[in-house]
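Visitor: I would like to go through some of the labels used for this structure and ask what each one rests on.

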Amino acid sequence: MDRRNKGISRRSVLLAAGASIALTATAQPTQAVTITRQASAGPEEPGKRADLAERAIVQRHVRTPWDQPNTRLGTLIWPASLLDQSFVWWCYWWQAHLLDCAVDAAHRARTPERVDRVAALARGIRTRNLTGWTNRYYDDMAWLALALERADRLLGVRFGDAAGELLAALTDGWNPVVGAVPWRSGDEYYNTPAIGPTGIAMARSGELSRAGELADFLYTRLRDTDSGLILDGVHEPGGRVERTIHTYCQGVAIGLETELAVRTGDSDRHRRVAALVAAAADGLTDAGVIVAASGDDSGLFMGILARYLAEAALFLGDTTAARIVHASAQAAWKHRAEVDGLPLFGVDWTRPVTVPEHPGTFPQLMHSSAASSANLSRDLSVQLSGWMLLEADYQLTAAGR
């Protein structure tokens, strides 16, 4: 579900909830920063480009919440005021993807600092969530379950049974009448952004039968027969389908079918992956580059598609998926801006990042909840998409894909 366009962004709700605090708190304005268009090619090696994307986000966004030792979270906006850095408002699923990108970096080039950052980000999520690892949104919990499982499997970083708690919550959300999990607890909307990552988490935990049911739900209930693309979701009871098409819906559907194809050897699953990749190439790329989103929640959509296209290329040898990732990475890098030698990505990888005017700086802002910036590259979500893409590009290049 596109929470920005439908007016139900959880981030927006949290911003509104924090408004009363913002009215009584005086946050010092952030220092203006100079953004430049970068004409030089920069490093050619995908690993070095991914490293620069990682460094950019760590320097600009990653902070220690509430002075808690060995914990980190990402500020939603950069530059961030003191109020932004207080984490009065936050976004659970953005932090889950920040954690997942940190896992990518530590797996690409393991260092004690990177491994410690993975652990600190997970602790930050648990600390800020206040009541435990879970919440009432099944998409949120699925994304965090995936990130924690990868941290354990790839790095040996484990947080007790956190992943198990999240998987149990996802299982408890299963509606046997519908044959899927809803967007959130008690809701009647069954959407791809919750079903897809839940299915991937279940497949990786060995729950192949239920993961298969979720994949079949997407294929039979939410696939647009004309375009071959996966639609946003369906309201049950009643069966009213939301026909919006998003890049990340294709990503999670591709990811789920890829997991099942690899684990079961089912040729039908493999064919579904190929068909979904081809449909995404036809309908959601511009000259082979993943199409633009906007800021806020949808800033993450492009990177999520890139992550799971890379998995289809790595595990199933899908050459179309590999071409999309490589083309998107080249375009995002070519059209980046730069701040202090580090990349700043845009919401549209086919166009140069918009550089603010007068005189190439962000304005000083009292607090971001009241701010309106024309440059959506301030959103953590947009920068995470760029980092995720470059990590995917590195993985494919390293594997010779």
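The questions below cover cysteines, a sheet and a helix pair.

Guide: Keep in mind that this is a predicted model.

Visitor: Why is cysteine 91 called buried?

Guide: Cysteine 91 has a relative accessibility of 3%. Buried means under 20%, so cysteine 91 counts as buried.

Visitor: What makes cysteine 249 buried or exposed?

Guide: The relative accessible area of cysteine 249 is 0%. The cut-off for buried is under 20%, and therefore cysteine 249 is buried.

Visitor: What makes β9 and β10 a pair?

Guide: Strand β9, residues 337-339, is joined to β10 by three bridges. Pairing takes at least two bridges, so β9 and β10 pair, and they run antiparallel. Glutamate 338 stands opposite proline 343 in β10.

Visitor: Which order do the strands of the open sheet have, and why are β1 and β10 at its edges?

Guide: The three strands follow the order β1-β9-β10, with antiparallel pairing. β1 (36-37) and β10 (342-344) each have a single partner strand, so one side of each lacks a neighbour in the sheet.

Visitor: Why are helices α8 and α10 called roughly parallel?

Guide: Helix α8 (residues 192-204) and helix α10 (residues 247-264) pack at an angle of about 20°, with axes 9 Å apart. Angles under 35 degrees count as roughly parallel, so α8 and α10 are roughly parallel to each other. The residues in contact include Gly196 and Ile200 of α8 and Cys249 and Val252 of α10.

Terms used. Residues are numbered from 1 along each chain as its sequence is written. This is a predicted model: local features need pLDDT of at least 70, side-chain atom pairs count only at pLDDT 80 or more; totals for chains, interfaces and linings use all residues. Side-chain values use heavy atoms; hydrogens and water are left out. Buried means under 20% relative accessible area, exposed over 50%, partly exposed in between (1.4 Å probe, protein chains only). Helices (H or I, at least four residues) and strands (E, at least two) are DSSP runs, numbered from the N terminus. Axes are lines fitted to C-alpha atoms, for helices over the stretch in contact, and angles run from 0 to 180 degrees between N-to-C directions. Angles under 35 degrees count as roughly parallel, over 145 as roughly antiparallel, 65 to 115 as roughly perpendicular and the rest as oblique. Contact means heavy atoms within 4.5 Å.
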